[in-house]
Amino acid sequence: MSSNDHFKPDPADFVIVVMGTTGTGKTNFINKLTGNPERREAGGLASDTQHVTPYPIPYYYPSLRVVVVDTPGFDDTYRKDSETLELIADWLIQKYPDGTTLKIAGMIYFHRIIDNSMPRSTLMNLEIFGRLCGDTSLCRTRLVTTMWDQVKNQDTAAQRETQLASKFWQGLIAGGAFARRFHNSSSSALGIVEDLLWMGNDCHPLLLQEELVEQRKRLNETEAAKFIYKQLQKDLAEQKKTLKGLKGEVKLQNDPHSVKVMQERRDTTQAQVKKTSEELNEMKIPPIRRVILWLSGENSRAKAVELH
């Protein structure tokens, strides 16, 4: 099962979506569950997962089909974050034959315990993950640390785990998510899946599903997309600042070689500014839609007041 063309969603499916940055062990986790060592594992800087791909997992009960869904990270080497969000959103809003929206019974977010810092790409993935899930699905969310078999100092790793839970994951855990360890074995992977199976299949939609289906928002109007937009605005401001500095440095250089190097850096940054500006324009919410969203929000608040 490698694409949506072959995946026919069934209301009885127990669907678990796995997310995280490139190289955190998502592919390896699925390999352990499927018993298929031939799937290529991500090991380099380039993203291995290019599509949203469901995999059926063999389980004890013939009547239960567990489906684990692999997703590309938001630090994808060749794809814009907005495009990655669109890929994931398109998959999440699939319909069952009766017209209802696909149920997501569990969410798993992966993080390498061997990482001694939280780079921007990791923080970005985590923030988007939180905005994609929303509050009501956090009890079905597992924050999984991987690569414990590569840890050289267990005490240091345990301290990192504590810091993740008390700082970076604090909001998610406070909302009902649980932290778990993946010990690079089939039994460990199955244990994490079974932890979610105990929750049953009667689940609330993810925030992204609710926004797109029930609230009829456009993708760029969702909380996840708005976060990406804000990050692009910050990127653009920083790129423009860098570009301005490079233009000034080019004028101050007398050595031909130095001038050439500075011009190349300037041109590269200029291209980045152009690319970021184009992506911002693509994601921008038109003024009329802003008004419509504001009015719908006011109506929702008024109805909530009436109910109280």
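Helices (H or I, at least four residues) and strands (E, at least two) are DSSP runs, numbered from the N terminus. In these terms, Arg 216 has its place in the loop between H7 and H8. The views below show a predicted model.

**View A. The chain is built from ten helices and six strands.** Of the 308 residues in the chain, 45% are buried. Among the contacts with a separation of 6 or more, 72% are between residues 24 or more positions apart.

**View B. The six strands form an open sheet with mixed pairing, in the order E2-E3-E1-E4-E5-E6.** At the edges stand strand E2 (53-57) and E6, and each has a single partner strand, so one side of each is left without a neighbour in the sheet. From one strand to the next, the twist averages 25°. Strand E1, which spans residues 14-20, pairs with E4 in the parallel sense over five bridges, and Gly 20 stands opposite Phe 110 in E4.

**View C. Strand E5 (residues 141-146) is joined by bridges to E4 and to E6.** E4, which spans residues 106-112, runs parallel to E5, and six bridges join the two strands; strand E6 (residues 178-181) also runs parallel to E5, with four bridges between them.

**View D. Helix H3 (residues 120-133) belongs to a right-handed β-α-β unit together with E4 and E5.** The helix packs on the sheet, where it touches E1, E4 and E5, and its direction makes about 170° with that of E4. Thr 122 lies in H3 and, with a relative accessibility of 3%, counts as buried. If residues up to four places away in sequence are not counted, Thr 122 touches Thr 21, Tyr 109 and His 111.

**View E. The axes of helix H1 (residues 26-34) and helix H6 (residues 186-197) come within 8 Å.** Two packed helices are described by the angle between their axes and the distance between the axes. Here the axes cross at roughly 95°, and H1 and H6 are therefore roughly perpendicular to each other, since angles of 65 to 115 degrees count as such. From H1, the residues Phe 29, Lys 32 and Leu 33 meet Ser 186, Ala 189, Leu 190, Ile 192 and Val 193 of H6.

**View F. Helix H2 (residues 81-92) crosses helix H7 (residues 207-214) at roughly 75° between their axes.** That angle makes H2 roughly perpendicular to H7. The two axes come within 10 Å, and the residues that meet are Leu 85, Ala 89 and Leu 92 in H2 and Leu 208, Gln 209 and Leu 212 in H7.

**View G. The largest nonpolar core has 49 residues.** The residues with the most contacts inside this core are Trp 91, Leu 92, Ile 104, Met 107 and Leu 132. Helix H8, which spans residues 223-252, gives the most to this core, with eight residues.

How values were computed
Residues are numbered from 1 along each chain as its sequence is written. This is a predicted model: local features need pLDDT of at least 70, side-chain atom pairs count only at pLDDT 80 or more; totals for chains, interfaces and linings use all residues. Side-chain values use heavy atoms; hydrogens and water are left out. Two strands pair if DSSP finds at least two bridges between them. A crossover is right-handed if, with the strands pointing away from the viewer, the path from the first strand over the helix to the second runs clockwise. A nonpolar core is a set of buried Ala, Val, Leu, Ile, Met, Phe, Trp, Tyr and Cys residues joined through side-chain atoms within 4.5 Å. Buried means under 20% relative accessible area, exposed over 50%, partly exposed in between (1.4 Å probe, protein chains only). Axes are lines fitted to C-alpha atoms, for helices over the stretch in contact, and angles run from 0 to 180 degrees between N-to-C directions. Angles under 35 degrees count as roughly parallel, over 145 as roughly antiparallel, 65 to 115 as roughly perpendicular and the rest as oblique. Contact means heavy atoms within 4.5 Å.
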